[in-house]
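Subject: Structure for your files

Hello,

Here is the structure we talked about handing over. My notes on it follow below.

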Amino acid sequence: MDSGMECTLTKLCGAVDTLEGRDAIQRVLDRLERLSLPALSKFALCLYKQRRHCSPVTGKVAHIVDMKLDSIQDIRILSVLMISISDVISQRFRDRLLHKAGQLLEEKDEVHFNYAKRILRFLQNVKLRYHPLLEKCNKIFLKSASHLDIYSISLILGLYEQLGFDNAEFRLLAKQLLSENIDVYYDPETFAKLFFILGPMAGSKVRERLLVTAVHMAEEFSSHQVLVILKTMQKMKCRNSHLLKKMASVLHKHLDSYHVIQLVKLTQYLVVLRCHDLELFAKLKMLLLGFLKSSVIPADTAAIIRVLAMLPSFQVEEVIINKAAAVLPQCKLHHLNCIATALVKWNHYDQLHWQNSSELCVKLLQKLNDCGFQRLQKANNLNLLLEELTHVNGEWFEEVLSEETVAMCQRLIDQITWANVLELSFFLIKTNHRCPSLLDRIASVTVENIDKIHPFEIYFILFLFSALNYEPPANEEFFESCIQHLTSNLSCFGTHRLVLLGHVLAVAGYFPPVLMTRIFNVSFLSKLDAQLEVLPDILKQRVRLCLMKLNRAVCLECPEFHIPWFHEHYCQRVFCNSSSQINPLRQHVHRMLTEILGGSHYARMSVLTPYCYEIDFECVLDENKKPLSYVAQNTPLDDVEGIHLTRDIKDKGRKALPPGAQRIALEFLDSKAFSKDSHHLKGESALKKRHLEMLGYRVVQIPHFEWNSMVLSTKGEQLEYLRRHLYGIQ
């Protein structure tokens with residue numbers, strides 16, 4: 001780059017919003033195609049800082065990058081160009097940039113972590129969770145641990161959160177780096193970042209120190225820092241009343257500085273944290289209504305209406321209903337879902353008080369339903385439809401549009417490719433739909449393109465088939481192809497993800513030796529214990545539960561692995577701390593079993609089997625199908641006469657059965673045990689049946705749709721139904 005151009009670019013970057021800066025841009029434009037790559041990246045960055053993200057000039061830069069992409073060999077230059085042109089690129093160009101970035105990161109032994117941060121920003125800008133690049137960037141951050149300060153760690157974790165990438169190894173590193181020097185972060189800006197990073201994964205002592213410091217520093221927090229603290233408190237499930245009151249007090253002086261989406265988020269945090277400052281909520285309501293009246297963006301309107309419905313004792317004004325009606329034709333499915341949820345809640349809790357309000361609400365809901373159907377019927381691009389469905393959930397969608405959406409996906413079945421099977425799998429998992437044509441297409445596309453699909457995405461595809469207990473036509477080929485791809489790339493999975501993968505495969509009946517021996521290894525389990533401490537509570541509990549279930553499955557189905565059962569104490573904590581629900585249905589069924597078997601001492605309720613399965617009822621029949629009485633170790637419940645409840649993990653009352661006798665496990669299955677609108681048993685319930693049979697039970701499963709049918713509407717019919725199933729009478 002010649003000295004004149006260097007001088008021009010220096011002036012441009014230092015004065016982007018001045019007349020001199022605009023003149024400098026014009027001078028660069030005149031020579032744009034002749035710029036060297038370093039000069040082009042510097043110019044692109046200047047445009048980005050000027051917020052000219054979508055300007056024609058940025059488009060010209062993107063065109064030049066597209067033409068010269070193969071010649072770029074410097075990841076620093078490429079990373080700058082990627083974030084600068086991210087708003088004006090096509091999907092094809094995006095994919096080329098991703099491939100090029102992956103190549104350069106792979107080729108370089110040492111890459112500065114700032115370049116990796118730019119790659120994350122690019123992924124955030126294009127709203128794409130691309131695992132190959134995320135993993136490469138994460139490795140760079142782990143190698144650069146000694147150079148990461150609190151600003152970098154906060155930025156990286158924030159980007160990970162937005163991209164849905166949860167890496168326990170980096171979390172653990174962040175915790176280790178920052179926990180030792182908490183007292184160093186004494187100014188509001190750095191403390192807010194520290195609170196955001198450490199809060200959700202801190203132990204009790206560090207957590208208490210963070211809360212105390214936040215209370216003392218509350219008055220100094222800026223409007224943005226207050227948002228960060230409240231957001232983190234929600235993630236921590238922390239309802240510390242002292243800190244919450246402080247935050248609410250400080251908020252009064254900041255409210256006017258928030259834009260509409262910040263106000264929406266702020267209101268949500270306060271409601272979830274159970275703030276009791278009614279004056280603050282009154283101000284929030286006034287500000288939100290003001291934004292609602294002036295809003296012309298459907299997404300903002302829907303978000304405001306959704307959060308207004310969360311406010312305590314909120315009286316709905318007619319202007320809200322009118323505003324909702326006005327934007328419906330422009331709303332995406334997610335926005336329609338937000339408005340529908342609010343309307344249903346307001347109508348249910350009688351919060352509509354003007355004349356003919358209920359009638360108006362019903363008409364609006366009908367119009368909303370019509371808009372949803374029309375939007376679906378116009379869909380002709382599966383990728384756009386799946387993108388729109390990403391954030392849609394809730395009762396309205398399930399009841400009104402779920403089936404129509406699956407039908408539309410079937411009509412667009414030829415558009416299913418390896419690039420969108422993950423999004424389609426997410427949708428079917430979320431809606432619990434067992435649609436054979438879609439599932440068969442997903443399986444065939446996956447097998448044909450197995451090398452193009454990232455192993456982490458294969459996990460979610462297998463989760464779909466495992467959870468729904470569905471076998472595609474070429475079931476063995478499908479699972480074996482996926483398992484081979486996964487076991488060849490186990491390094492792509494974090495420690496806790498391997499446990500989740502092992503459980504998914506176990507539910508489907510697969511136990512790859514290389515995966516099982518890796519998980520049930522002392523050093524692996526020690527590493528898992530350490531990393532679980534920094535994971536969100538919900539994920540932590542899920543991983544521990546899946547490890548227990550996997551341990552149980554391996555012990556029962558793969559004794560040749562010689563893996564011991566080591567979850568006895570875990571089960572004691574989980575089950576002994578939970579209270580058994582003696583609901584009316586259980587009492588009713590137990591009385592009928594007493595009548596059928598000839599006494600209450602012939603049936604036990606809420607029984608814990610070896611390996612910690614809980615079954616609704618257990619009885620034993622001898623070789624002549626006569627009931628056998630249970631021994632005196634049963635525990636009678638004082639408040640429910642005649643019912644015997646067994647919750648002893650070791651089941652001391654369990655004896656060897658006489659020759660020819662058989663234990664019967666009677667299970668009532670609610671709608672959660674079946675896929676939507678189907679009588680097909682889901683994976684977990686099928687696995688339980690399989691394991692109980694291995695434990696020597698004859699399993700009788702009573703589906704809700706049979707028990708609640710008109711055929712069994714009288715007690716006599718129910719008695720006869722139970723008798724036939726207990727005694728195995730066809």
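This is a predicted model: local features need pLDDT of at least 70, side-chain atom pairs count only at pLDDT 80 or more; totals for chains, interfaces and linings use all residues.

At 9% relative accessibility, His433 counts as buried (buried means under 20% relative accessible area, exposed over 50%, and partly exposed in between, with a 1.4 Å probe and protein chains only). His433 sits in the loop between α23 (421–431) and α24 (436–448). Helices (H or I, at least four residues) and strands (E, at least two) are DSSP runs, numbered from the N terminus. Apart from neighbours within four places in sequence, the contacts of His433 are Ser402, Glu403, Val406, Leu428, Leu468 and Lys676, where contact means heavy atoms within 4.5 Å.

Residues are numbered from 1 along each chain as its sequence is written, and side-chain values use heavy atoms, with hydrogens and water left out.

**Helices α5 and α6**

Helix α5 (residues 75–84) is mostly covered, with nine of its 10 residues buried. The buried residues are Ile75, Ile77, Leu78, Ser79, Val80, Leu81, Met82, Ile83 and Ser84. Their cover includes α3 (37–49), α4 (56–68), α6 and α7 (113–125).

The axes of α5 and α6 (residues 91–107) come within 10 Å and cross at roughly 155°. Axes here are lines fitted to C-alpha atoms, for helices over the stretch in contact, and angles run from 0 to 180 degrees between N-to-C directions. The two helices are therefore roughly antiparallel to each other (angles under 35 degrees count as roughly parallel, over 145 as roughly antiparallel, 65 to 115 as roughly perpendicular and the rest as oblique). The crossing of α5 and α6 is left-handed, a term used if the near helix is turned anticlockwise from the far one by less than a right angle, with right-handed used if clockwise. On the α5 side the contact is made by Ile75, Leu78 and Met82, and on the α6 side by Leu97, Lys100, Ala101, Leu104 and Leu105. By class, this contact of α5 with α6 has seven nonpolar, no polar and one charged residues. Ala, Val, Leu, Ile, Met, Phe, Trp, Tyr, Cys and Pro count as nonpolar, Asp, Glu, Lys and Arg as charged, and the others, Gly among them, as polar.

**Helices α21 and α22**

Helix α21 (residues 382–389) packs with helix α22 (residues 395–411) at an angle of about 160°, their axes 12 Å apart. α21 and α22 are therefore roughly antiparallel to each other, and the crossing is left-handed. Leu382, Leu385 and Leu389 of α21 meet Phe397, Thr405, Met408 and Cys409 of α22. The residues of this contact divide into six nonpolar, one polar and no charged.

**Helix α11**

Nine of the 11 residues of helix α11 (residues 188–198) are buried, so α11 is largely enclosed by the rest of the structure. Those buried include Phe191, Phe195 and Phe196. The buried residues of α11 pack against α9 (150–163), α10 (168–179), α12 (204–217), α13 (223–236) and α14 (241–254).

**Strand β2 and its partners**

Seven of the eight residues of strand β2 (residues 614–621) are buried, so β2 is largely enclosed by the rest of the structure. Five bridges join β2 to strand β1 (residues 603–608), and the two run antiparallel; two strands pair if DSSP finds at least two bridges between them. Val607 has Ile615 of β2 as its bridge partner. The hairpin of β1 and β2 has five residues between the strands, and there Tyr611 takes a positive phi near 65°.

β2 is also joined by five bridges to strand β5 (residues 662–669), again antiparallel. Here Val620 has Arg663 of β5 as its bridge partner.

**Single residues to look at**

Lys625, in the loop between β2 and β3 (635–636), has phi near 65°, a positive value in a residue other than glycine. Lys625 is partly exposed, with a relative accessible area of 41%.

Asp677, in the loop between β5 and α33 (683–694), has a positive phi near 55°. Asp677 is exposed, at a relative accessible area of 60%.

Glu318 belongs to helix α18 (residues 318–327) and is partly exposed, at 38%. The C-alpha atoms of Glu318 and Leu360 are separated by 9.6 Å, with the two residues 42 apart along the chain.

Regards
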